[in-house]
Amino acid sequence: MLDLAGIAAEFGLGRVLGAEPLPGGHRDVIRLVTSRGTFVVKPESDPAVAELQEKAAVVLGAAGIRQARPLRTIAGPLVSASGHGVEEFLPGRVCLAPTAAQAAAAMRHVADYH
């Protein structure tokens, strides 16, 4: 059983108010609602990947592309002792049948990563 209260404490997220699997996401990815906001909790297998994701979010943010910001634990690392990472929750949804305009917007977004 995932200790969400322990993870919330490691990241300084406040009291857990609710949690549910993130719709459309991997089954181990949780949408966590706390007294300090809404976050995404997910298993992290490699701290180096988490560091790279944080750097990418900074670079993309400077270019005007909004990314979910990874959070650091109170102790400083991006990955908790339990092997989980936390990032801010950005509302959105999975679109399995995008319109032509949505597909074009997604492709522009992907091109900005390159």
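This is a predicted model: local features need pLDDT of at least 70, side-chain atom pairs count only at pLDDT 80 or more; totals for chains, interfaces and linings use all residues.
Residues are numbered from 1 along each chain as its sequence is written, and side-chain values use heavy atoms, with hydrogens and water left out.

**The overall plan**

- The protein has three helices and five strands; these are DSSP runs, with helices being H or I of at least four residues and strands being E of at least two, numbered from the N terminus.
- Start at the N terminus and you'll read the elements as α-β-β-β-α-β-β-α.
- Along the principal axes, the C-alpha atoms of the protein fill a box of roughly 45 × 25 × 25 Å.
- Of the protein's 114 residues, 26% count as buried (buried is under 20% relative accessible area, exposed is over 50%, and partly exposed is in between, using a 1.4 Å probe and protein chains only).
- Take the contacts between residues at least 6 apart in sequence: 45% of them join residues at least 24 apart (a contact means heavy atoms within 4.5 Å).

**The sheet**

- Five strands make an open sheet in the order S1-S2-S3-S5-S4, and their pairing is antiparallel (two strands pair if DSSP finds at least two bridges between them).
- S1 (16-21) and S4 (70-71) are the edge strands, each with a single partner, so one side of each has no neighbour in the sheet.
- Helix H1 (residues 4-11) packs on this sheet and touches S1, S2, S3, S4 and S5 (84-88), with its direction at about 65° to that of S5 (axes are lines fitted to C-alpha atoms, for helices over the stretch in contact, and angles run from 0 to 180 degrees between N-to-C directions).
- S2 (residues 30-34) and S3 (residues 37-43) run antiparallel too, joined by five bridges.
- S2 and S3 form a hairpin with two residues between them, and Thr-34 has Gly-37 in S3 as its bridge partner.
- Look across from Leu-32 and you'll find Phe-39 in S3, while Phe-39 also stands opposite Glu-88 in S5.

**The core**

- In soluble globular proteins, nonpolar side chains tend to be buried together.
- Here the largest nonpolar core has eleven residues: Leu-4, Ile-7, Ala-8, Phe-11, Leu-13, Ile-30, Leu-32, Phe-39, Val-41, Leu-71 and Val-86 (a nonpolar core is a set of buried Ala, Val, Leu, Ile, Met, Phe, Trp, Tyr and Cys residues joined through side-chain atoms within 4.5 Å).
- H1, S2 and S3 are the elements that each give two or more residues to this core, and H1 supplies the largest share, four residues.
- Leave out residues up to four places away in sequence, and Leu-32 touches Leu-4, Ala-8, Leu-13 and Phe-39, among others.

- Gly-76 belongs to the loop between S4 and S5 and is partly exposed, at 28% relative accessible area.
- Gly-76 and Lys-55 are 21 residues apart along the chain, and their C-alpha atoms are separated by 15 Å.
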